[in-house]
Amino acid sequence: DNTGLAVWLVSSINWAVLPQLMLLLVFGLVALMLSNFLSNTVTATLLIPLAVSLATSGIAGEGFSLVISAVLIGMACNMAMLLPISTPPNAIAMSTGMLNTKDMAKVGVVMGIIGLVFVIVLSQIYWPFVV
């Protein structure tokens with residue numbers, strides 16, 4: 001908020017033409033990609049305020065759920081398994097010497113895509129009844 005990134009992002013994209021499912025997918029993809037190169041906490045700390053600013057300003061539409069978008073971003077951040085830097089368990093597994101980075105990357109891409117699809121499906125089918 002202090003840097004003005006949220007205001008710049010909100011004003012630079014025509015949010016009215018994007019359906020809410022597409023917004024969730026974009027936030028999920030960005031969270032997944034950034035989380036592979038940054039820590040999960042840093043990625044969530046960067047993206048959740050952006051989603052909150054979209055939801056509270058009304059730009060994302062009337063049915064855009066603040067809670068669902070925040071949970072989706074958090075869950076997408078946790079799907080990062082591409083590189084050893086993604087999460088501490090990845091670094092621990094890599095430190096054993098039994099894995100190569102390319103092996104971790106292959107499995108990480110598949111797990112990230114499957115996980116993101118699962119999270120998107122949950123956000124549309126299950127979470128609206130819970131929230």
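Predicted model: local features only at pLDDT ≥ 70, side-chain atom pairs only at ≥ 80, totals over all residues.
The chain contains seven helices and zero strands. From the N terminus on, its elements run α-α-α-α-α-α-α. Along the principal axes, the C-alpha atoms fill a box of roughly 50 × 35 × 25 Å. The chain has 131 residues, and 34% of them are buried. Contacts between residues at least 6 apart in sequence were also examined. Of these, 67% join residues at least 24 apart.

The largest nonpolar core has 22 residues. Leu24, Phe27, Ala31, Phe64, Leu72 and Ile73 have the most contacts inside this core. Two or more residues each come from α2, α3 (40-57), α4 (66-77) and α6. Helix α3 gives the largest share, six residues. Phe27 illustrates the contacts of a core residue. Beyond its neighbours within four places in sequence, Phe27 is in contact with Leu47, Leu50, Ala51, Leu54, Phe64 and Ile73.

Helix α3 was then considered by itself. Its buried residues are Asn40, Thr43, Ala44, Leu47, Leu50, Ala51, Ser53, Leu54 and Ala55. The length of α3 agrees with expectation, because its 18 residues should span 26 Å at 1.5 Å a residue and its end C-alpha atoms are 26 Å apart. Gly58 follows α3. The phi of Gly58 is positive, near 85 degrees.

Helix α2 (residues 20-37) also packs with helix α6 (residues 101-125). The angle is about 145 degrees, and the axes are 11 Å apart. The crossing of the two helices is right-handed. From α2, the residues in the contact are Leu21, Leu24, Leu25, Gly28, Leu29 and Leu32. They meet Gly112, Leu116, Ile120, Ser123 and Gln124 in α6. Seven residues of this contact are nonpolar, four are polar and none is charged.

Met81 counts as partly exposed because its relative accessible area is 31%, a value between 20% and 50%. Residues up to four places away in sequence aside, Met81 touches Asn36, Ser86, Asn90, Met104, Gly108 and Met111. Leu21, a residue of the contact between α2 and α6, is 60 residues from Met81 along the chain. The C-alpha atoms of Met81 and Leu21 are separated by 24 Å.

Definitions and conventions: Residues numbered from 1 in each chain as written. Heavy atoms only, no water. Axes fitted to C-alpha atoms, helices over the stretch in contact; angles between N-to-C directions. Helix = DSSP H or I, 4+ residues; strand = E, 2+ residues; numbered from the N terminus. Left-handed = near helix turned anticlockwise from the far one by under 90°. Contact = heavy atoms within 4.5 Å. Nonpolar A, V, L, I, M, F, W, Y, C, P; charged D, E, K, R; others polar. Core = buried A, V, L, I, M, F, W, Y, C linked by side-chain atoms within 4.5 Å. Buried < 20%, exposed > 50% of the residue type's maximum accessible area, 1.4 Å probe, protein only. Expected span 1.5 Å × (residues − 1).
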